[in-house]
Structures are given as structure tokens and as C-alpha cells.
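These are my notebook entries on a structure that I looked up entry by entry. I begin with a single residue and then turn to a chain as a whole.

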There are 2 protein chains.
Amino acid sequence: MATMKDVAKLACVDISTVSRALNDTAYVHPETRERIFAAVKELSYQPNVLAQGLKKGKRHTIGVVLPRLHMAIFSEIMQGIEKEARKYNYATLICNTEDDPEIEKESLSRLRNGFVDGIIIAGTGRNIRLLHDIKASGISVAQIVRDQDTSVSSVIANYEACGYEGTKFLARKGCKEIGLINGNTHLAPYRDRYKGYKAALKELNLKENYNTSLEPSNTFEYGYNCAKKLLENNEKLDAIMVSVDIQGIGAMRAIKEKKLRVPDDIRLMSLTGHTVGSMLETTMTALEIPAHEMGEKVAKMIIEDIEAPSDKKPSAQHLTFNASLVEREST
Amino acid sequence: MATMKDVAKLACVDISTVSRALNDTAYVHPETRERIFAAVKELSYQPNVLAQGLKKGKRHTIGVVLPRLHMAIFSEIMQGIEKEARKYNYATLICNTEDDPEIEKESLSRLRNGFVDGIIIAGTGRNIRLLHDIKASGISVAQIVRDQDTSVSSVIANYEACGYEGTKFLARKGCKEIGLINGNTHLAPYRDRYKGYKAALKELNLKENYNTSLEPSNTFEYGYNCAKKLLENNEKLDAIMVSVDIQGIGAMRAIKEKKLRVPDDIRLMSLTGHTVGSMLETTMTALEIPAHEMGEKVAKMIIEDIEAPSDKKPSAQHLTFNASLVEREST
DNA sequence: CTGAAAGCGCTTACAG
DNA sequence: CTGAAAGCGCTTACAG
């Protein structure tokens with residue numbers, strides 16, 4: 001690979017002049033400029049990003065730490081992040097943690113050391129101190145979906161409202177025994193959905209049908225197992241709310257194996273739908289969250305933070321999106 | 001952030017000694033060593049990866065260029081790549097191109113400039129020259145799923161066999177009018193599936209039912225639209241093979257809207273299944289490809305290439321995996 | 001066993 | 001308008 005030195009030699013100028021011409025950071029005589037660009041072309045010179053980053057202390061790269069990509073809302077959010085990042089000429093580096101705090105820790109450690117200017121995270125909540133360290137060391141941080149820490153900016157959906165409105169909606173449909181398949185309530189979204197569910201049940205004077213399991217909750221199997229238990233525990237159950245679409249697919253399977261019909265015997269809805277729900281054989285009613293838009297916003301937020309001069313970084317912002325109810329066949 | 005200089009000062013040694021102690025690259029007196037590690041701890045020093053990379057010319061990072069993450073087999077392959085990369089202490093950087101040659105070009109250009117030591121790509125086939133340039137410049141390259149270029153190592157599944165065996169299987173089930181929903185035949189997997197399909201039809205003395213559309217083929221909508229056309233064009237159609245699971249979900253929807261039943265009226269199967277197929281309401285028969293394993297292999301392949309001394313890089317290897325038939329409800 | 005020094009490929013004050 | 005030089009944070013021959 002040609003270096004700036006080679007270009008300088010070929011163009012018969014100093015390397016500093018090449019730098020200035022290329023970065024357009026000072027006036028360079030048109031002729032010199034032309035010679036330089038000719039040399040660049042001839043050598044098909046490409047600047048070394050490492051060296052630039054070393055000098056400027058900036059990588060123009062955002063790290064995104066996510067618990068899951070496959071069949072989860074995070075890959076849709078990611079599309080939004082990438083689109084926005086590309087607009088500002090930032091690259092994105094995705095780390096997939098599988099919701100394992102150890103992998104998360106390792107990913108964060110790796111990212112902090114010169115890899116990125118900012119980190120967007122949907123975290124396990126187990127590495128908050130590390131995250132603070134990272135922020136203190138000058139790397140911008142923002143949370144997506146899971147706001148584990150109020151001192152760090154975040155973009156989330158209103159999960160409590162999802163739990164509340166979902167329950168109310170099913171009650172209006174005549175359901176009396178509404179189950180909720182949730183996940184680890186240490187994570188903000190699960191905690192909040194549960195809160196909303198309980199609040200609605202109280203107003204409606206209904207009782208709780210709740211089941212949980214020890215497995216990772218963002219999976220098909222989890223939805224399947226929890227649905228099975230809910231159905232066994234209460235034979236009058238007439239509705240199941242799942243936290244995320246993928247659980248709903250598992251629940252659908254469990255319901256079918258019990259020879260029950262959706263929606264006639266059991267109504268089924270997802271509390272944080274994304275595009276999957278509309279594609280299923282029995283399409284799924286859902287409170288859909290604007291994943292793409294949320295991704296764009298959090299990317300914009302972190303880029304603004306990165307590019308703000310260090311003496312006046314914006315203070316932590318928290319952006320909450322509302323979900324919108326989309327009725328489909330499953331209710 | 002503390003630098004190596006700070007550590008050296010605190011430990012009262014030269015920075016070169018710190019470097020040696022930390023990298024274990026030469027004998028350092030135990031006491032000195034201890035002082036250095038104490039200083040590292042005290043300052044919570046973290047080496048700057050940029051600077052290391054600049055000096056050593058290595059980033060310990062692999063770029064992965066994929067056409068799609070959401071609901072596609074690529075996120076499963078990615079899991080395998082990440083697992084293997086982590087084992088060798090490599091980071092992975094994912095670029096999502098949405099199968100757009102321009103985005104792909106941009107991603108590749110970005111990666112080549114000091115970002116990564118190697119690139120794994122499932123490409124559009126439109127940037128082969130650029131890929132050659134990149135390889136020539138000393139960055140390792142490997143292809144996954146799509147082997148557009150025999151001079152570059154690859155890990156793929158035997159798509160021709162998939163097309164062939166799928167067709168034979170459906171014929172054994174008694175199907176006479178077997179449709180194929182495919183995709184852009186400039187891409188090797190689509191081209192090969194089609195080849196296998198035609199070969200089997202010829203042996204069986206059956207005629208082709210083939211439809212294609214101009215949209216990106218890796219989507220639900222594509223499967224839906226093509227299935228609809230196939231059903232309209234031939235009312236005796238008794239089977240549909242889709243190239244990928246997500247198309248199958250769309251096809252299922254189209255079949256259902258026609259008031260036809262799967263598998264009684266129409267048998268449906270996917271030619272490159274991954275985990276989605278087993279989770280659907282009507283589970284989908286598929287030729288399953290070992291996505292996770294393929295990811296691991298391609299990661300291993302590229303890491304070996306990266307770490308080989310530049311005078312004896314291994315020559316291009318091509319690894320082909322077989323799919324295995326998993327019968328489920330849809331046939 | 002350890003230090004002084006050069007160098008990786010750039011950027012950016014400082015002169016002129 | 002352009003060059004010479006220092007420096008970003010490391011690694012690694014070269015001495016001793």
C-alpha cells in the first residue's frame with residue numbers, strides 16, 4: 001500500500017502539503033494540488049485510518065453492543081443505526097453478547113481501547129461500573145431499549161404503557177384470564193411491562209397469570225415452555241401476552257399442540273412487535289415499536305455527543321417512543 | 001486514559017521495559033515486572049489498540065460483509081464466526097450491505113484502510129475487482145455462502161444438490177407440478193439451486209414451474225409475490241420449493257390466502273433451512289445447512305490465512321457442506 | 001536484564 | 001502558500 005510519503009515524493013512536495021491538500025485544511029496552490037491528486041490517483045493511495053485515528057484521537061466508528069441479532073428486534077434497530085451512521089460517515093462495529101455479562105465485559109473492554117468513539121448498548125445491566133469508567137474516559141455512551149442507568153442517555157419504548165395497554169385491549173375483547181410471558185425483571189423492559197400489566201389487572205380486578213423460566217428469554221423455546229406452563233396452570237386461560245415476537249411464535253406452537261385455536265380459544269399478542277408478526281401464518285397482533293426510527297435516533301444522539309467539544313458535552317437525554325397497536329388475526 | 005509513558009514513570013523504568021513486560025516478549029526482572037504490573041493496576045492502564053496496530057500492522061479484527069442480518073441465515077453464520085473469532089481473540093466488525101453494490105463498495109473501501117486484517121464476505125458479485133485489489137494489498141479474504149470468485153477461498157453449501165434433492169424428494173411424495181421460488185441467478189447459490197432443480201426435473205420428465213421477481217429475493221414479500229404468481233399460472237401446482245426460509249413464510253401466507261392447505265393441497269419446502277423452519281405454526285420441511293459450523297470454518301480459515309507469514313500464505317481453499325433433509329409438517 | 005532511539009503513517013502548530 | 005519538525009502511543013532492533 002502506498003503511503004502519504006510516496007505521494008509526497010511523486011508529487012515533489014512535502015508530506016505535510018499532501019495532508020493539507022487531502023484534508024482541505026489549508027489553502028494549497030491549485031497546481032500543487034493537482035499534482036498531488038494525480039499522484040494519489042496514480043498510486044491509488046488510501047489514507048491509513050489507524051494513523052489518522054492515532055493522531056486525531058478519533059476513529060469515526062461507533063460500537064454497538066447487543067444481546068442478540070438473530071430473530072430479534074435488535075437487527076431492525078441496527079438497520080436504523082447503520083443508516084444514520086452512514087449518513088455522518090461513521091462505521092459501525094457490532095458486538096453480539098448473547099446476554100452473557102462476561103462476553104459483554106470483554107466486548108466493552110475491547111471497544112474502549114481505541115476501537116471506537118462511542119458505544120451504543122442494550123446491556124445486561126451487569127457492567128454498569130465499567131460503562132461509567134468508559135464514559136469517564138471520554139467515550140460517548142448511549143443506551144438503546146434497555147435503560148439500566150439514568151446517568152447515561154437512552155432511547156427506549158414505553159414498555160410500561162405496552163404492558164398496560166395490551167392488558168386493557170385484551171380485556172375489552174372479553175378476556176378474563178390474561179397470561180403474561182415475560183423475562184428477567186432485572187432488565188428494564190421486562191420490569192416495566194410487568195408493572196404495566198399489574199396496574200391494568202388491578203384496575204380491571206383480574207388476577208395474574210404469570211410464568212417465567214430460567215432460560216434466556218429472548219427465544220422461541222422460552223415462549224414455548226412458558227406458554228405450556230401457563231396453559232397447564234390455568235385451564236380457563238383465554239389470552240397470552242408475550243414480551244417479544246419470537247416468544248409469540250413459540251407460544252403459538254405450544255397452543256397448537258394443546259389443540260387450542262388462536263384466537264378462538266386463546267388470544268395471543270406481542271407487547272413489542274416488529275416486522276415478524278405481520279408475516280406469520282396466523283398474523284400476530286402487536287404493540288409495534290418503531291425499531292428503525294429508534295435506531296436512527298440513538299445513532300444521531302451519540303454522534304452529536306461524540307462531535308461536541310469536550311468542554312460542553314450535552315447532558316444525558318432520555319427519549320421514549322410509544323408503541324402503536326396493530327390488530328391482526330391472533331386476537 | 002493512562003498511557004504506557006505514565007506507567008513507565010510510575011514504575012521508574014523505561015517505556016520499552018513496560019512494553020516487554022506487558023507483552024512478555026523478553027525476560028524482565030521479577031521485581032521490575034512486579035512494579036510495572038502494580039503501576040498498570042494503579043493507573044488502570046489499557047494499551048491503545050490503535051497504536052499497537054499502527055506499529056504491528058495488525059488489528060486482530062475481521063470484517064464481515066453481509067447482505068442481510070434480519071431474518072436471514074447470515075445472522076446464524078455470524079454467530080459461528082464470532083464464536084471462533086473470540087477463541088483466537090479476534091474482534092469482528094459487521095457491515096450490512098442490504099445487497100446494494102454501492103454500499104458494499106463503500107464498506108469494503110472502509111475496511112481495507114487499516115480497519116481489519118481480513119474480510120469475510122457474502123458479496124453481490126459486483127465488486128470482484130475491488131476484492132482482488134484488497135487481497136493483493138495483503139488483507140486476507142474469504143467468501144461465505146456465495147462463491148463468486150474461485151481465486152478466493154470459500155465456505156459454501158452444496159446448493160445444486162439442494163435443488164436436486166429437494167425436487168426428487170417432492171417427486172417421491174407424488175408431486176408432479178413442482179414450483180421453484182428462486183432469486184437473482186447471478187448469485188451462485190441461486191444459480192446452483194436452479195441447476196439442480198432443472199437436472200432433477202429432466203430425469204423425472206417433469207416441467208418447470210419457475211417464477212422470479214425484480215425485488216430483493218431475501219424477503220418475505222418476494223416469497224409471497226412469487227408464490228402468488230406460481231399459483232395463478234398453474235392451478236395444478238402441487239408443490240413449492242423456496243430458496244430460503246423467509247421466502248417460505250411469505251409463500252405460506254400466499255397459499256393460505258388462496259384457501260389452499262399445506263401440505264394437503266400444496267407441499268412446501270425450503271432449500272436452505274435454518275432454525276426458523278422448526279418454529280413455525282406449520283413447521284417447514286427443509287434441507288438444513290449447518291450455518292453455525294460454516295461460520296466457524298470460514299473464521300478459522302481466514303485467521304489461519306492472516307497469521308501465516310506473508311511468504312507462505314495457504315492457497316485458496318473451497319469447502320462445501322452438505323445440507324441434510326429434515327422432514328416436518330409442510331410436506 | 002534494561003535503556004535510548006528509531007519508526008509505524010499520519011496531523012498540526014511553527015516558521016518563513 | 002509550503003516545508004521542517006514534533007508528536008500521537010506504541011514496538012523493536014541495537015547497545016551495553
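**Entry 1: a loop lysine in chain B**

I located Lys176(B) in the loop between α8 (159-172) and β6 (178-181) of chain B. Helices here are DSSP runs of H or I with at least four residues, strands are runs of E with at least two, and both are numbered from the N terminus. The model is predicted: local features need pLDDT of at least 70, side-chain atom pairs count only at pLDDT 80 or more, and totals for chains, interfaces and linings use all residues. Residues are numbered from 1 along each chain as its sequence is written, chains are lettered from A and ligands numbered from 1 in the order in which they are written, and side-chain values use heavy atoms, with hydrogens and water left out.

Leaving aside neighbours within four places in sequence, I found Lys176(B) in contact with Leu206(B) and Asp238(B), where contact means heavy atoms within 4.5 Å. I also noted Leu237(B), which is 61 residues from Lys176(B) in sequence, with 7.7 Å between their C-alpha atoms.

**Entry 2: chain A as a whole**

I recorded 12 helices and 12 strands in chain A. The C-alpha trace of chain A spans about 85 × 40 × 30 Å along its principal axes. Its radius of gyration is 25 Å, whereas a compact globule of 331 residues would have one near 20 Å; the radius is taken over C-alpha atoms, and the globule rule is 2.2 Å times the number of residues to the power 0.38.

Of the 331 residues in chain A, 57% are buried. I noted an accessible surface of about 14,400 Å² for chain A, with 48% of it belonging to carbon and sulfur atoms. Among the contacts in chain A with a separation of 6 or more, 68% join residues 24 or more positions apart.

**Entry 3: two helices of chain A**

At what angle do the axes of α1 and α2 of chain A cross? I read roughly 100° for helix α1 (residues 4-11) and helix α2 (residues 15-23), whose axes come within 8 Å. The two helices are therefore roughly perpendicular, a term for angles of 65 to 115 degrees. The contact involves Met4(A), Val7(A) and Ala8(A) from α1(A), and Ile15(A), Val18(A), Ser19(A) and Leu22(A) from α2(A).

**Entry 4: backbone angles**

I looked up the general rule that most residues other than glycine have a negative phi, and most peptide bonds are trans. Cys12(A), not a glycine, has a positive phi of about 55°. Cys12(A) lies in the loop between α1 and α2 of chain A and is exposed, with a relative accessible area of 64%. Val145(A) has a positive phi of about 65° and sits in the loop between β4 (140-144) and β5 (153-157) of chain A. Val145(A) is buried, at a relative accessible area of 7%.

I found a cis peptide bond from Val262(A) to Pro263(A), with omega near 5°. Pro263(A) is in the loop between α11 (245-257) and β9 (267-273) of chain A. In chain B, the bond from Val262(B) to Pro263(B) is cis, with omega near 5°.

Conventions
Axes are lines fitted to C-alpha atoms, for helices over the stretch in contact, and angles run from 0 to 180 degrees between N-to-C directions. Angles under 35 degrees count as roughly parallel, over 145 as roughly antiparallel, 65 to 115 as roughly perpendicular and the rest as oblique. Buried means under 20% relative accessible area, exposed over 50%, partly exposed in between (1.4 Å probe, protein chains only). Accessible areas come from the Shrake-Rupley method with a 1.4 Å probe; for residues, only the protein chains shown count as cover.
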